[in-house]
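The sequence and model are shown first.

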Amino acid sequence: MDSNSFLREIISCKEWLRKQLISSSENYDEFDCEWSLFATWSSTLFNKGLKNKCKQAKVLFKESFSSLTTNKERVRLIFANSEFYKVIDDYKNLILSDIHNESKKCAKKSNAFSCIAKWNFEKKQYVDALKFFTKAIFYAPFPDDCNTNNEKHPFLLALANRCETFHKLQCYRNCLLDAEDALKYDFDPLKRKTLEILRKECLSKINFKDICNDFIDENIEHKSAVRIGYSESKGRLLISNEALEKSSVVVEDFPFVSWLRPSLYDEYCNYCLLPLNNRSYPCERCNLVTYCSSVCSEKSWSTYHKLECDYLHVFKFFSIGQMAVRIVMMTGIEKLIEMETKCTSDLSHWANGNFCNDYLSIASLVGHENKISYEYMCTFTCAAILLAQLLKDVFKVDFDTCVVASIVLKLMMIIKTNAFTITDDKLSEHCEATTSGNETNIGHGLYALPSLFSHSCDPNCYQYFKGSKIRILTTKRVEAGEEVTISYGPSFRVCSYEERQKKLENTFCFRCFCSYCELEAK
């Protein structure tokens, strides 16, 4: 196998999966193909691990694996099996052979795109000039120091020229953002004066609200309209603290971790998942991801992308695995292992407590591992071991593979059960977005408090997204002390009782006993 055979294999798997999904569904969505790809490909590890076992050995292995009750036991059984270990190790080496630890930036390409852009600018072909200045920005190496004289640096020249192009197109918000990013660096006095004039003019033409994306207020605390309750049948649930009128905001939150469809990398910010709207900002090292601003670029780099960057051309195909790996990157190996010792299976103590957007809260969410099929759990156990092996290369440290793999497996099951599909709703938050058909599925997000909303087939709340920020609003008046609920997908308006129960059991491992279902069951 050559160094590109892994990428060829997973792309081939994607084509096969797409055909399967198209043939089995009238409403095919490419989103389903991109999200399911990692699980489908991971079955290769499982099938190859079993390939050389005789029928009796397969039966005995299934019995052994199915009898296990913890993720550590599942990981250690697979890890100790020579056939599975060899398959996983071979794929680890194959993937690592395609990792190239060097910057993808190229000053020569950047200068070439800038020349084309300047020619278009002089011809007053500003739309084309904008396109080529953006390409010049993406290929240009980043300046090393804000205080160094950078007047001839290709990145800054392209950024300043794009700023002027936005001004010509009367895109004042984007012009302002480019001016402010460029003014962080040292320019010659004439160019700096030009940028300051453009900045001042843009500020006079737009409202402050047009400048600020919602991601900036990530750390603002909002008074919670709900408290955590607990019942033996449902586990944790959310109860309204006060009477809420229709369209009241119950919860708004940002994801602990999110995933953007790879096919939309050029259309949405890879950090906050807002549409790019003709202005994008690059990663300082790679050309794969785009951001809506330097703020998102810096936040992504500091939280996980610095570790992920060199591996992203592979990891972007891993969907649920990529989300789990990002959590490990955000937390750190030592801290991750330490905090896992503080996790407990007793969830009743969370009642009336704080449920913050942190690792301990996220790690307490249920994954239903013991309710998932043998084939599925074995597949994801193999995948978790592979990811743990790759993380050794990412962190450049040695650790107990089985311990980290068991945590990765747990995280993937939590994501599978609790992640929200993030949509670009293309409508007002004051309209219920549950059945409009007007939304585009752009990614997944794992949220802390929103994950505690119980399902109802006739819910009193619904979720609305602006980028990755979730806002959950009431669909009707909710009384103080009443449980707040959302729909996990199947609604009584579009699905029969049997269809709803089947979907909920297959995806979330429970049957619904909401008032509407109990009435229908009778």
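## Packing of helices α1 and α5

Helix α1 (residues 5-24) packs against helix α5 (residues 82-96) with axes 8 Å apart and an angle of about 105 degrees. This makes α1 roughly perpendicular to α5, a class that covers angles of 65 to 115 degrees. Axes are lines fitted to C-alpha atoms, for helices over the stretch in contact, with angles from 0 to 180 degrees between N-to-C directions. Helices are DSSP runs of H or I with at least four residues, strands are E runs of at least two, and both are numbered from the N terminus.

On the α1 side, Ser5, Phe6 and Glu9 meet Tyr91, Leu94 and Ile95 of α5; contact means heavy atoms within 4.5 Å. The contact of α1 with α5 comprises 4 nonpolar, 1 polar and 1 charged residues. Here Ala, Val, Leu, Ile, Met, Phe, Trp, Tyr, Cys and Pro count as nonpolar, Asp, Glu, Lys and Arg as charged, and the others, Gly among them, as polar.

## Basis of the model

The model is predicted: local features need pLDDT of at least 70 and side-chain atom pairs pLDDT 80 or more, whereas totals for chains, interfaces and linings use all residues. Residues are numbered from 1 along each chain as its sequence is written, and side-chain values use heavy atoms, with hydrogens and water left out.

## Packing of helices α2 and α17

The axes of helix α2 (residues 30-50) and helix α17 (residues 374-395) come within 8 Å and cross at roughly 95 degrees. Helix α2 is therefore roughly perpendicular to α17. Contact residues of α2 include Phe38, Trp41, Phe46 and Leu50, and those of α17 include Tyr374, Cys378, Phe380 and Leu387. By class, the contact of α2 with α17 has 13 nonpolar, 3 polar and 1 charged residues.

## Domains and their interface

An automatic or database assignment sets the domain bounds: domain 1 (34-102 + 264-418), domain 2 (107-213) and domain 3 (226-253 + 447-521). The C-alpha centres of domain 1 and domain 2 are 38 Å apart, and each of these two domains gives 15 residues to their contact.

About 1300 Å² is buried between domain 1 and domain 2, with 54% from carbon and sulfur atoms. Buried area is the accessible area (1.4 Å probe) that two parts lose on being put together, summed over both. Across this interface there are 3 salt bridges.

## Salt bridges

A salt bridge requires a side-chain nitrogen of Lys or Arg within 4 Å of a carboxyl oxygen of Asp or Glu. The structure holds 29 of them. One joins Arg76 and Asp400 at 3.9 Å, N to O. Arg76 lies in helix α4 (residues 71-80) and Asp400 in the loop between α17 and α18 (401-418), 324 residues apart. Another pairs Glu298 with Lys184, their closest N and O atoms being 3.8 Å apart.

Technical notes:
Parallel < 35°, antiparallel > 145°, perpendicular 65-115°, else oblique.
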